[in-house]
Amino acid sequence: MRRARELVGLPVISLEEGLKLGNVKTLIVNPAGKAVAALVVEEKGFFKEQKFIPFAKVHSVGANALTVAQSASAAKASSLPELVQLWKEKTTVTGARVVTESGSVLGWVQDYFVDTVTGTITGLEAAPSGIGGAVKGRSFIPAEVLRTIGKEVIVTTDEALARMQKIDGGLEARFLDVLDKTKEALPRLPKKEARVEDTEAAKQPAVIEEKVKALIDKTKQKVALPKLQRKKDAKEDLQAKEETQERKPEETPKEE
């Protein structure tokens, strides 16, 4: 099973002649048969010619190339009128709106899956339109619930709602996933390692308390010393004045 867009662009190789016949340009869908009826192959060169390869003549679809038994497997449009008619109808599947029988819109087809052996469409990849597709993601709708494949609308049974499977949860699912992983990881986060100083402080609170007290006392001393010195100097000055006054001789009155 491969996505349809993965087939587009593959080189087509003839096994018998060992020639490259061209590259797959597009797929021709048979809506009634719900299958890929043929491949349109475009040759290289200035005068590009398109040829049709019925899917029944595809030998194998590999990862890097598509093979056919011989170059005659690719025929001109004139020899395959039924395939040309389907091609003109341009039922591309991709881009069609998907609606259930009861009228519920399931989304728009982003791509579809193909059985590389039979060409049968095995399912659709659908998503909401616009930004909704990026947020809500894409879902797989199995071919068993497909009722009608039209050019613009694909109708499914109401069972499709229950049969849809998420392919990609979109941004919403990724955000929730990241959130869940973050919640799980948070309890296991290592605790912040304590610094050596913090550890020592926790072990020796008495030492820290003594250092703080010593610092406070030292600060008080620096502030108090100038005041004490000024008081001492003032006291000494006062004593000196008193001693001077005591030594001064008493003045005698003058005789007339």
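These legends describe close-up views of one predicted model. Local features require pLDDT of at least 70 and side-chain atom pairs pLDDT 80 or more, while totals for chains, interfaces and linings use all residues. Numbering runs from 1 along each chain as its sequence is written, and side-chain values rest on heavy atoms, without hydrogens and water.

View 1. Helices (H or I, at least four residues) and strands (E, at least two) are DSSP runs, numbered from the N terminus. Of the 256 residues, 30% are buried. Buried means under 20% relative accessible area, exposed over 50%, and partly exposed in between (1.4 Å probe, protein chains only). The accessible surface is about 17900 Å², with 55% belonging to carbon and sulfur atoms. These areas come from the Shrake-Rupley method with a 1.4 Å probe; for residues, only the protein chains shown count as cover.

**View 2. An open sheet contains six strands in the order 5-4-3-2-7-6.** Its pairing is mixed. Two strands pair if DSSP finds at least two bridges between them. Strand 5 and strand 6 are the edges, each pairing on one side only. From one strand to the next, the twist averages 35°. Strand 2 (residues 11-14) runs parallel to strand 7, with three bridges. Here Ile-13 stands opposite Thr-67.

**View 3. Helix 2 packs on this sheet, touching strand 3, strand 4 and strand 5.** Contact means heavy atoms within 4.5 Å. The helix direction makes about 65° with that of strand 3. Axes are lines fitted to C-alpha atoms, for helices over the stretch in contact; angles run from 0 to 180 degrees between N-to-C directions.

**View 4. Helix 2 (residues 81-89) buries Leu-83, Val-84 and Leu-86.** Down the helix axis, the buried residues fall within an arc of 160°, so they line one face. The arc is that of the directions from the helix axis to the C-beta atoms. Exposed Pro-81, Glu-82 and Lys-88 sit on the face turned away from the buried side. Just after the helix, Lys-90 has a positive phi of about 55°.

**View 5. The largest nonpolar core has 35 residues.** Such a core is a set of buried Ala, Val, Leu, Ile, Met, Phe, Trp, Tyr and Cys residues joined through side-chain atoms within 4.5 Å. Val-93, Tyr-112 and Leu-124 have the most contacts inside this core. Apart from it lies another core of ten residues, including Val-40, Leu-80, Leu-83 and Leu-86.
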